[in-house]
Amino acid sequence: MPSDSENNMNNTDMNINWYPGHMAKARRQMEEQLKLVDIIIELRDARIPKASGNPVLNDLSKNKPVLIILNKADLSDASKNKEWQNEFEHCMIADSVNENLSKSVVNEVKLILKDKLDKAKARGIRKKVLRAMVVGIPNVGKSTFINNIVKKKVAKAENRPGVTKALQWIRINEDVELLDTPGVLWPKIEDQESAILLALLGSINDDVLDKDALVRFGLDRLKTLYPGFILNRYEVDENESDLIDSIGKKKLWLKNDGSVDRNKTVDLILKDIRSNKIGRISWQNVGE
Ligand SMILES: Nc1nc2c(ncn2[C@@H]2O[C@H](COP(=O)(O)OP(=O)(O)OP(=O)(O)O)[C@@H](O)[C@H]2O)c(=O)[nH]1
Ligand SMILES: [Mg+2]
């Protein structure tokens, strides 16, 4: 990781809004609901399956089965998705925007809970409703996933972190209910690399970020992970010393005085990185 990016990411602005108060509140509320819940569905970003795993949520999920959904899998590298899937006990690969997930997810939840349900049945208890709490970092697609499962737009979803503010139970059918929750991060980031990746892919409010440093980090990492992607998208030599400047010039993203409009260039590259415009990218590899 380039040290200048690391230093820039370490600035105090970053720390101010990293763990806003509403997240602490959400966590407390999630803890309260936990006793009602049979299973936790944890959404992770398929492009950063490790960095998008939240240690706070790990604590919460103690003693409950967890189904991991590698979401936004349409944006990540298909072969890496498979490798990551094998890392988790219960895990599905998902594109919550384009796939119809309802049947497969409900079936998987029932399969994971089968033993528990069978035991309850043997004791003469018939459990009426299965309840799943949907958790994950901000902007990972929790509300979109729930809308997909319920096949209606019941939860508000937008492409920025912090859209869902309150917990909301949503009935899927006569035997399954899902709880939508606000995205939560954790109070202390030990791992700068995870922090940068979360920022790069849009889980931290852009207003508190040094976007220029973020994009420099992204382009640098991209050169190593997927050689040729930058050349393909922007038609510039990947080894240019100031890639943002070179891309701005090539694309003619200029200011009135003819110099590169750096802010605009940074914004557009960041947008490309967060979509699949440059290509399907997995930013983390298994075992690293
Ligand atoms: N390409 C792609 N985009 C997705 C997918 N799932 C969600 N999105 C997009 O990601 C953005 C965030 O979705 P939300 O459902 O609001 O995310 P959230 O986790 O509920 O976010 P918070 O409530 O802010 O924590 C939206 O623009 C969605 O359209 C997916 O599987 N693939
Ligand atoms: Mg939401």
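**Figure 1. Asn139 in the loop between strand 4 (130-136) and helix 8 of the predicted model.** Helices (H or I, at least four residues) and strands (E, at least two) are DSSP runs, numbered from the N terminus. Asn139 has a positive phi of about 70°, although it is not a glycine. With a relative accessible area of 14%, Asn139 is buried, where buried means under 20% relative accessible area, exposed means over 50%, and partly exposed lies in between, for a 1.4 Å probe and protein chains only. This is a predicted model, in which local features need pLDDT of at least 70 and side-chain atom pairs count only at pLDDT 80 or more, while totals for chains, interfaces and linings use all residues. Residues are numbered from 1 along each chain as its sequence is written, chains are lettered from A and ligands numbered from 1 in the order in which they are written, and side-chain values use heavy atoms, with hydrogens and water left out.

**Figure 2. Lys72, a residue other than glycine with a positive phi.** The phi of Lys72 is near 60°, and the residue is found in the loop between strand 2 (66-71) and helix 5 (78-85). Lys72 counts as buried because its relative accessibility is 18%.

**Figure 3. The magnesium ion (ligand 2) and its coordinating residues.** The ion is coordinated by Ser143 through OG and by Thr164 through OG1, at 2.0 to 2.2 Å. These two residues link distant parts of the chain, since Ser143 belongs to helix 8 (residues 142-150) whereas Thr164 lies in the loop between helix 8 and strand 5 (168-173), 21 residues apart. Donors are N, O and S atoms within 2.8 Å of the metal (3.2 Å for Na, K and Ca), and water is not among the atoms, so sites may look incomplete. Ser143 counts as buried at 6% relative accessibility, and Thr164 is buried as well, with a relative accessible area of 14%.

**Figure 4. The surroundings of ligand 1.** The ligand is surrounded by 23 residues, of which the closest are Ser96, Lys142, Thr144, Gly162 and Val163; a residue is near a molecule if one of its heavy atoms lies within 4 Å of it. Helix 8 gives the most to this shell, with three residues. The space taken by ligand 1 is the largest pocket. On a 1 Å grid over the protein atoms alone, a pocket is an open set of points with protein on both sides within 12 Å along at least five of seven lines, whereas a cavity is a set of points where a 1.4 Å probe fits but cannot get out; lining residues have an atom within 4 Å of a point. A molecule sits in a cavity or pocket if more than half of its atoms lie within 2 Å of its grid points.

**Figure 5. Arg160 and Pro182, each placed in a loop.** Arg160 is in the loop between helix 8 and strand 5 and is partly exposed, with a relative accessible area of 38%. Its C-alpha atom is 9.4 Å from that of Val140, 20 residues apart in sequence. Pro182 is in the loop between strand 6 (176-180) and helix 9 (192-200) and counts as buried at 0% relative accessibility. Pro182 and Pro161 are 21 residues apart in sequence, with 9.2 Å from C-alpha to C-alpha.
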